Amino acid sequence: MILRRAELADMPDVLGMAHRFHAESPVHNWLPFDHDQVRQLVTNAIDDPTWLPLVVYSDGELVGMAMMVLLPTFFGPALECVDLTFYVDPGRRGGIAAARMLEAIVGWAADSGAQRVTIAPNTGIEPAKVIRFFERSGFSSVGTVLQRTL
């Protein structure tokens with residue numbers, strides 16, 4: 001298993017996984033998917049030290065990805081590491097890919113001076129299992145994500 005910061009050469013794999021993620025998520029799959037927007041976001045994140053575009057490969061296949069960003073909190077200069085996406089291929093869930101990604105994220109956030117890591121699993125994909133995974137990894141549930149479709 002290879003876990004590392006994404007590179008431009010990963011873009012075809014990342015776009016393919018992003019498309020599958022979008023299709024799987026009942027919360028997001030009715031929204032438009034724009035390859036160019038995803039490509040631009042990942043491209044910008046690759047060279048920006050405040051972003052962590054993370055990929056996990058196993059046997060040459062992309063099996064997981066995450067996009068994290070460092071942001072100041074609303075109340076002051078303390079940094080928080082927030083997810084934009086965290087996804088593991090359905091065939092690899094329950095394995096070590098998610099745990100390795102999370103370990104790398106927490107390490108990167110700490111090394112970058114973040115005070116906390118916030119992950120909002122709001123995709124509608126196996127929510128109870130996802131919450132259990134994060135809680136077993138030391139995260140606490142601190143609220144609920146509410147949405148209103150317009």
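Me: What makes up the lining of the largest pocket by class?
Reply: The lining holds 29 nonpolar, 9 polar and 7 charged residues; Asp, Glu, Lys and Arg count as charged, Ala, Val, Leu, Ile, Met, Phe, Trp, Tyr, Cys and Pro as nonpolar, and the others, Gly among them, as polar. The model is predicted, so local features need pLDDT of at least 70 and side-chain atom pairs 80 or more, while totals for chains, interfaces and linings use all residues. Residues are numbered from 1 along each chain, and side-chain values use heavy atoms, without hydrogens or water.

Me: Which residues lie nearest the centre of the largest pocket?
Reply: F21, T85, F86, Y87 and T123 do, out of 45 lining residues. A residue counts as lining if it has an atom within 4 Å of a point of the pocket, an open set on a 1 Å grid over the protein atoms alone, with protein on both sides within 12 Å along at least five of seven lines.

Me: Which element gives the largest share of the lining of the second largest pocket?
Reply: α4 does, with 4 residues; helices (H or I, at least four residues) and strands (E, at least two) are DSSP runs numbered from the N terminus. That lining has 21 residues, with I119, P121, S140, S141 and V142 nearest the centre.

Me: Why is D59 called exposed?
Reply: Its relative accessibility is 78%, and exposed means over 50% (buried is under 20%, partly exposed in between; 1.4 Å probe, protein chains only). D59 therefore counts as exposed. D59 is in the loop between β2 and β3, and its phi is positive, near 50°.

Terms used:
On a 1 Å grid over the protein atoms alone, a cavity is a set of points where a 1.4 Å probe fits but cannot get out, and a pocket is an open set with protein on both sides within 12 Å along at least five of seven lines; lining residues have an atom within 4 Å of a point.
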